[in-house]
Amino acid sequence: MTAGEGMDSMGRLILVGAGPGNPDLLTMGGALALRNADVVLYDELTSTELLSMVGEACRCINVGKRGHEEPRLTQDEINELAISHVRRGQAVVRLKGGDPFVFGRGGEEASACVEAGVPFEVIPGIGSALAAPAYAGI
């Protein structure tokens, strides 16, 4: 899914589903997006192995929360941060556990991009509801 095509001077936001935690379950598209990112906005529970895939110049920013603790940033602040980097011409990966649209607020982040007129794409991830039965042989 892509929005805002034709905006060459602008970067883009890529919503990447990290899968259920095992880096082996990240899609090839997700790995490529991480390798090429200028900025990665990640959640608290993101695997450090996934973050090791980024390039040397990439800036990784923890925007998540753990359990019921106060979030580092509100959802609106995360949206604003992502959009500001995209407008600077940067490739921004919003790395989310599982799939961005299953309990991940990916819809809100995509809607914020549409409202701001910035390009985005989605690289789905494997949700734990699908991965757990597969690992169990079901």
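Modeller: A salt bridge here is a side-chain nitrogen of Lys or Arg within 4 Å of a carboxyl oxygen of Asp or Glu. The model is a predicted one, in which local features need pLDDT of at least 70 and side-chain atom pairs count only at pLDDT 80 or more, while totals for chains, interfaces and linings use all residues. Residues are numbered from 1 along each chain as its sequence is written, and side-chain values use heavy atoms, with hydrogens and water left out. Side chains of opposite charge can pair when their charged atoms come close.

Searching the whole structure gives four salt bridges. One of them joins the side chains of Asp43 and Arg94, with N to O at 2.9 Å. This pair links distant parts of the chain, 51 residues apart, since Asp43 sits in the loop between β3 (39–42) and α2 (48–51) and Arg94 belongs to strand β5 (residues 91–96). Helices (H or I, at least four residues) and strands (E, at least two) are DSSP runs, numbered from the N terminus.

Arg94 also forms a salt bridge with Glu109, where the closest N and O atoms are 3.2 Å apart. Because Arg94 is in strand β5 and Glu109 in helix α4, this pair ties together parts that are 15 residues apart in sequence. Helix α4 covers residues 106–116. The side chains of Arg94 and Glu109 are likewise listed as making a polar contact at 3.2 Å, a term for a pair of N or O atoms within 3.5 Å of which, within protein, one must be able to donate a hydrogen and the other to accept it, residues adjacent in sequence counting only if both atoms are side-chain atoms.

Glu109 has a further salt-bridge partner in Lys96, at 3.3 Å from N to O. Here too helix α4 is tied to strand β5, because Glu109 lies in the former and Lys96 in the latter, 13 residues apart in sequence. Through shared partners, these salt bridges join Asp43, Arg94, Lys96 and Glu109 into one network.

As for exposure, buried means under 20% relative accessible area, exposed over 50% and partly exposed in between (1.4 Å probe, protein chains only). Arg94 counts as buried at 3%, Lys96 is buried at 3%, and Glu109 is buried with a relative accessible area of 3%. Leaving aside residues up to four places away in sequence, Glu109 touches Leu15, Gln75, Ile78, Asn79, Arg94 and Lys96, where contact means heavy atoms within 4.5 Å.
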